[in-house]
Amino acid sequence: MADETANGPVLSADGTPLKRSLNKALRAQKMRALMLIAPLLIFVLVTFIAPIASMLFRSVENQIVSNTLPLTVTSLKEWDSKSGEMPDEQVYEDLFFDLFLAAEAKEHTKLGTRLNYEKTGVSSLFRQSGRKLDDIGEVYQDPLEDLNEAWEDGSVWYELMSGEGAGNDDLLESTVERFNQLTRSDSGTDIGFVPGVAITSILPKTARAYTAFAVFTVVADEDVVAEEDPWEAVYAALALDLMADGTADAISGYSGPQAELLKEAAANVDMFPQPDFRAAFLDLDEDWGDIENWTTFQTYSPRYTNGYFLNAVDLQKTPDGFEARPENQQIYILLFKRTIFMSLVITASCIILGYPVAWILANLPMRTANLLMILVLLPFWTSLLVRTSAWKVMLQQQGVINDVLVWLGMVADDGRLVMINNQFGTIVAMTHILLPFMILPMYSVMQTINPTYLRAAKSLGATNWTAFWRVYFPQSVPGIGAGSILVFILSIGYYITPEIVGGTTGTFISNRIAYHISSSLNWGLAAALGTILFAVVLILYWAYDRIVGIDNVKLG
Amino acid sequence: MADSSGNDAFVEFERVQKSYDGESLVVKDLNLTMPKGEFLTMLGPSGSGKTTCLMMLAGFETATHGDIRLGGTSINNIPPHKRGIGMVFQNYALFPHMTIAENLSFPLEVRKIGKSDREEKVKRALDMVEMGAFGGRRPAQLSGGQQQRIALARALVFEPELVLMDEPLGALDKQLREKMQFEITDLAHRLGITVVYVTHDQTEALTMSDRVAVFDDGRIQQLAPPDQLYEEPENSFVAQFIGENNTLEGTIKEIKGGLAVVQLDDGGLIDCTPVNVSQVGERTRVSIRPERVEFNKDRMQEGAHTLKAEVLEFIYMGDIFRTRLRVAGNDEFIVKTRNAPDQVRLKPGEQIEIGWLPQDCRALDAA
């Protein structure tokens with residue numbers, strides 16, 4: 001029956017538009033298909049895609065600096081690294097409070113490790129200074145406690161800082177949030193303490209420091225705020241507040257809890273030494289005066305950085321952009337080049353060795369071919385580690401091959417060949433290990449080439465060689481292409497074999513990535529290297545598609 | 001066409017044998033001579049050895065014993081590419097990675113023929129099969145019939161004197177096949193080339209060939225022009241294999257004056273032409289073509305032998321009527337009659353008398 005509605009949509013038998021009923025019919029099919037692949041899809045998403053994505057994200061992520069030293073990062077922005085002068089007092093003051101909290105939370109060493117990738121020595125600077133920060137604060141704590149012993153009492157502080165009337169929820173929230181970022185946790189604001197609004201406006205730094213102390217006490221130490229004595233940093237903050245202009249006037253009009261105690265302290269503000277955090281830090285470690293260190297801190301302040309990527313291509317970040325690393329630190333470009341070159345050599349060797357084998361397999365009777373196929377697949381049943389180690393046994397200087405060569409008199413006993421722990425060893429072992437990946441796609445493509453083509457070519461007057469080269473070979477190219485992509489992509493990211501037999505000259509970029517993941521713990525750099533490797537593979541894949549055409553690749 | 005004498009023999013098989021496993025012979029003692037310009041078809045069921053013979057001629061198989069000669073010289077030890085024999089394969093074997101023009105140009109390139117010559121020959125060959133506009137396409141873009149033509153053009157483009165065809169029309173539908181049958185024979189005769197054609201389709205063999213060699217069991221059962229093959233089969237196999245055939249089993253009663261009297265198994269006696277029977281008492285299989293059987297008394301020819309028959313089935317097939325009869329205990333006796341205005345349409349159950357001339361009725365071996 002033809003569609004009678006020439007001017008409208010075609011309708012199905014029950015009057016609904018045909019398109020819609022078709023979609024409805026297909027939707028059930030699609031849903032079923034989706035349900036069938038759902039377990040694998042979820043598995044892959046959770047265990048593969050998501051970790052890779054988060055790993056790659058690490059290559060630009062740099063939040064640790066601004067999370068650990070939020071105040072310092074802000075005040076350091078003003079500093080001109082080229083002025084040749086150390087940052088001003090404000091920066092050192094902020095550094096003190098930032099670092100104090102980080103040290104209490106034991107996060108300062110992580111930051112030190114992170115910045116140590118960019119500037120050697122920062123790690124120990126942070127670690128050692130973290131232990132001695134109390135000394136800087138005690139200078140202000142002692143006179144206060146001498147003045148009135150009530151300052152030693154945690155509950156007095158608690159009353160003072162809680163104040164009366166409205167609480168400053170904003171300060172509490174921002175402090176908790178900062179703490180969460182610092183320790184990558186997820187705590188709420190229900191800590192049994194809220195700084196008072198009035199006291200916060202009179203003593204802003206003290207409120208900030210005390211709130212930080214309170215949050216830490218409750219969340220990290222799981223103690224009650226009122227029962228704990230405040231940190232030295234809180235005393236320092238109070239001293240700074242008391243010495244600030246206008247604070248005395250504000251205090252005189254204050255009538256909240258412990259107002260008398262506060263007024264007493266304000267009256268004796270001369271008991272505090274003149275604050276000089278810069279001097280204090282320089283006293284801890286004179287590297288705090290190193291302008292290069294501060295330049296590094298400033299350069300790596302932003303939340304995201306291209307520093308890892310620059311690092312991964314032998315460049316380094318400077319305040320003005322980037323520059324080449326010193327010659328003796330350049331390693332990654334060399335490694336990338338070597339990885340690509342060796343992967344190409346391995347791929348070529350696999351083609352040369354695999355092609356005749358695949359040809360024989362494809363042209364033998366089924367029974368014999370299956371038997372030989374088992375031999376090709378045999379390596380798959382042996383552990384990769386065992387195969388690689390076997391090559392070590394074969395190739396080493398006191399190994400089987402050298403022994404045989406010496407026995408045959410082809411090599412002198414004192415001139416044994418070095419065939420392992422270099423590029424040669426890696427290429428030999430990896431060619432052997434990846435060969436099946438070349439043979440299998442070649443074989444499956446060659447199987448589909450009808451032998452009649454060769455006969456036809458010969459009947460048309462072609463010699464065996466011409467028939468092969470002009471007729472058979474072009475038809476087997478898709479197999480070579482598939483095998484090459486497989487082997488090349490596998491080898492460019494190979495790790496175990498170069499690690500075992502590669503020595504120093506035969507290692508791949510993947511070995512360096514593994515080193516940064518497991519030894520130096522510079523995950524950002526590892527992620528950047530990995531991202532570059534991934535991009536290189538994608539670009540090569542794209543180029544291959546443009547030149548050969550990916551639809552010409554047959555895996556079976 | 002008469003059997004060719006040895007002098008103008010172009011292709012010769014002499015006592016050729018072929019075995020693949022050393023235990024059984026696929027081709028047993030093959031002797032065949034072909035004059036130049038002949039269109040010879042090797043016909044036979046699968047496994048009869050016809051393709052093996054073709055492959056030996058092409059050079060893809062070597063003869064286990066015997067001599068194969070082309071133009072008087074033995075080619076047993078000449079590799080296929082030096083034999084200069086054109087070949088059309090069953091599945092065409094057009095090179096999928098080359099265009100049509102490149103496919104045709106290939107045999108010329110390997111013969112080191114200059115570019116302009118090559119282009120001209122390719123063009124001429126394409127025009128010859130009326131595919132001139134398709135030079136730039138790939139084989140996969142052509143239909144089966146078009147690929148067939150290209151395969152033919154490629155086998156002919158280097159002007160071989162001998163062309164072998166291995167069931168070239170097997171993959172085509174009926175109509176196209178009939179058209180191509182005509183085109184191939186026409187082309188072969190026009191170009192004066194010698195063709196060895198292998199098929200298992202007897203209609204194809206009969207319509208196309210000058211001579212047909214019927215193969216069975218590794219031997220040529222009969223080598224004859226189509227009409228002779230159909231009308232004068234030399235043994236039961238050929239009679240059965242070529243065309244439709246009615247058989248009646250019996251025993252030779254006597255042979256005299258070029259006629260044999262056969263006693264059928266139900267006791268009836270009929271006169272036959274003896275072919276490969278010689279002794280009285282020998283078992284025989286009498287063969288009669290369905291269209292030579294007559295049941296209309298008015299048309300029954302003088303001297304026709306008659307038998308009683310019962311109509312079992314009447315099938316209307318358009319141009320002909322096909323009637324199945326029970327004759328002398330054989331339920332599969334077929335009679336074909338032309339659909340003419342005055343033709344009788346028999347009804348199942350009718351008792352009739354059928355008859356035929358003794359020369360249409362051949363007493364063959366009982367095998």
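Visitor: Which residues touch the most other members of the largest nonpolar core?

Guide: B:Ala153, B:Leu164, B:Ala213 and B:Val214 do, in a core of 151 residues. A nonpolar core is a set of buried Ala, Val, Leu, Ile, Met, Phe, Trp, Tyr and Cys residues joined through C-beta atoms within 7 Å. Helix 21 (residues 423–447) of chain A gives the largest share of this core, 15 residues.

Visitor: What kind of model is this?

Guide: This is a predicted model: local features need pLDDT of at least 70, side-chain atom pairs count only at pLDDT 80 or more, and totals for chains, interfaces and linings use all residues. Residues are numbered from 1 along each chain as its sequence is written, with chains lettered from A and ligands numbered from 1 in the order in which they are written.

Visitor: What does "buried" mean here?

Guide: Buried means 20 or more other C-beta atoms within 10 Å of the residue's own; exposed means 12 or fewer, and partly exposed is in between, with C-beta atoms placed from the backbone.

Visitor: Back to B:Ala213. What is it in contact with?

Guide: Leaving aside neighbours within four places in sequence, B:Ala213 contacts B:Leu32, B:Leu40, B:Met42, B:Leu43, B:Ile220 and B:Leu223. Contact means that C-beta atoms, placed from the backbone, lie within 7 Å.

Visitor: Now helix 6 of chain A. How many residues does it have?

Guide: Helix 6 (residues 122–147) of chain A has 26 residues. Helices (H or I, at least four residues) and strands (E, at least two) are DSSP runs, numbered from the N terminus.

Visitor: Where is its kink centred?

Guide: On A:Arg131, with a kink of about 45°. The bend at a residue is the angle between axes fitted to the seven residues ending there and the seven starting there.

Visitor: Which of its residues are buried?

Guide: Among them are A:Val122, A:Leu125, A:Phe126 and A:Ser129. The buried residues of helix 6 pack against several helices of chain A, including helix 4 (89–104) and helix 5 (108–116).

Visitor: Why does A:Val537 count as partly exposed?

Guide: Because A:Val537 has 16 C-beta neighbours inside 10 Å. A:Val537 lies in helix 26 (residues 523–547) of chain A. Not counting residues up to four places away in sequence, A:Val537 touches A:Ile489 and A:Ile492.

Visitor: How many residues does each chain give to the contact?

Guide: Chain B gives 18 and chain A gives 15. On the chain B side, strand 6 (85–88) and helix 2 (100–109) each give two or more residues.

Conventions: The expected span of a helix is 1.5 Å times one less than its number of residues. Two residues are in contact if their C-beta atoms, placed from the backbone, lie within 7 Å.
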